[in-house]
Amino acid sequence: MEWLQTKWHKMKWRGKLMKCFKDGGIVKTVKHGSHRNEYYPTIHNIDIDLKKKNYRFVFTLKNGMNPELVLNNTWLFKQTFGENIELSGKYKRFILSVYSKGMPTKVNYDFKKIEPCMEKALVPIVTGYDNQNVLNVLDLKKLHHIMLTGSTGAGKSSLFRSMICSLIFNKTPEEIQFIMSDLKNSEFGMFRNIPHVKCIHMEQKPLLAELRAVETEMKHRSKLLDQYDVEHVSELEEKLPIIMIVIDEVFLLTDNDKIMKILTNISCLGRSASIHLILAMQRSAAKELGGQLLNNMNGRISGKQSNEVNAKIAGLKSSKDITIAGRMALSINGEERFIQVPFLDKKEAKKLLEPYKIELVPDENNDIEVAVEPLENLIAPDIAQLPTIGGIRK
């Protein structure tokens, strides 16, 4: 009988997990005179999928137990359950997922498969496929901002392309506008002439002017939220575009205090105004980026890090264990899991973007040509100018 088989499997796998706790010294010892009592983590639940042969354990630590006893013994869980595991948790409650099959080592970008997964999110950010072959799509309305890190060749460029292209294919220029910066002048050229992309800056001075305009717009939107007593601009009758600030190698801007201050302000206040940051650098050190800005980047993705120190700085310890191209560690509010990023090379991305391109319009006040209206045309209207219904402005 299936229920009996399930019960037997649960007993078997509970025993394996308890053995891990004992072998790894994941225990709290309390002395009572000459007696010693040992308290192991409490296993609350074991879910089993017999068809797929996947297992999920939920356990909690006793108060006073160091969570590093669990986090530092990932190797032991892999020895016991195999390579295809995920361990999430920070302080007390942990979830250990065991999969019979690992995630694919390569997934080609296919927007037809991606688009249905984006429907439920207001600001959908495509990341990658997990161990259950499910595409992880983050909603920046809830998550706020993203920090992308990883050493050279870790897959950041492919992830950037799939994130941005998916948003362009999913939304109209009236729904989203990108402000991009690439001081290395190597990554964002393919997005020129796209109406969704307001500008691509390769110098600090024009970028600073752009960010000042965004900061002004953010304050204006905040006043609208207060005026109409709503929590997010999506609740306003006047539909305002998402403003997405995408910066590659943000480390090259850390010598500009004015730019970094604005980015920090946006990281604090931008979410409710639908103004979001996607920042990338090889590693995200607080002393380089600014502690407050780094703390506000609560969605973090990292490809392979060269060593344990860089992985710790990036905020994703598991990134040091990555060995597969396109494999990245994803952390949502401190809980980590692995994903396989859809592979989208530059040549294919250019081909997909070609139908979206329009004729360039020179802009003497910018460091490149732009293809859309200036930001002022996207700014929310003055509250006093909005139409009223029954004496209440809508």
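Modeller: In what follows, two residues touch when heavy atoms of one lie within 4.5 Å of heavy atoms of the other. This is a predicted model, and every value I give is computed from it.

Colleague: Which residues does Phe59 touch, leaving aside those up to four places away in sequence?

Modeller: By that 4.5 Å limit, Phe59 touches Leu17, Phe21, Pro41, Thr42, Ile43, His44, Val70, Leu87, Lys92, Arg93, Phe94 and Leu96. One of these, Pro41, is 18 residues away along the chain, and its C-alpha atom is separated from that of Phe59 by 6.3 Å.

Colleague: Why is Phe59 called buried?

Modeller: The word applies under 20% relative accessible area, and because Phe59 has a value of 0%, it counts as buried.

Colleague: What makes strand 3 and strand 4 partners?

Modeller: Two strands pair if at least two bridges are found between them, and seven bridges join strand 3 to strand 4 (residues 54-60), the two running antiparallel. Within this pairing, Ile43 has Phe59 of strand 4 as its bridge partner. Strands of a sheet pair through backbone hydrogen bonds, either parallel or antiparallel.

Colleague: Why is the aromatic pair of Phe57 and Phe81 called tilted?

Modeller: Ring centres must lie within 6.5 Å to pair, planes under 30 degrees apart count as stacked, and planes over 60 as edge-to-face. The rings of Phe57 and Phe81 have centres 5.5 Å apart and planes at 45°, so the pair is tilted. It links distant parts of the chain, since Phe57 is in strand 4 and Phe81 in helix 3, 24 residues apart. Both count as buried under the 20% limit, because Phe57 has a relative accessible area of 0% and Phe81 one of 9%.

Colleague: What makes the pair of Phe59 and Phe94 stacked?

Modeller: Its planes are 15° apart, with 5.8 Å from centre to centre, and planes under 30 degrees apart count as stacked. Phe59 lies in strand 4 and Phe94 in strand 6, so the pair ties together parts that are 35 residues apart in sequence. The structure holds nine aromatic pairs, and ring pairs link Trp13, Tyr55, Phe57 and Phe81 into a cluster.

Colleague: How do you know that helix 6 is largely enclosed by the rest of the structure?

Modeller: That conclusion is drawn because 13 of its 15 residues are buried. Helix 6 (residues 156-170) reaches 21 Å from its first C-alpha to its last, close to the 21 Å expected at 1.5 Å a residue.

Colleague: How many disulfides does the structure hold?

Modeller: A disulfide needs a pair of cysteine sulfur atoms within 2.5 Å, and the structure holds zero disulfides.

Definitions and conventions:
Residues numbered from 1 in each chain as written. Predicted model: local features only at pLDDT ≥ 70, side-chain atom pairs only at ≥ 80, totals over all residues. Heavy atoms only, no water. Helix = DSSP H or I, 4+ residues; strand = E, 2+ residues; numbered from the N terminus. Buried < 20%, exposed > 50% of the residue type's maximum accessible area, 1.4 Å probe, protein only. Expected span 1.5 Å × (residues − 1). Phe/Tyr/Trp six-rings, centres within 6.5 Å; stacked < 30°, edge-to-face > 60°.
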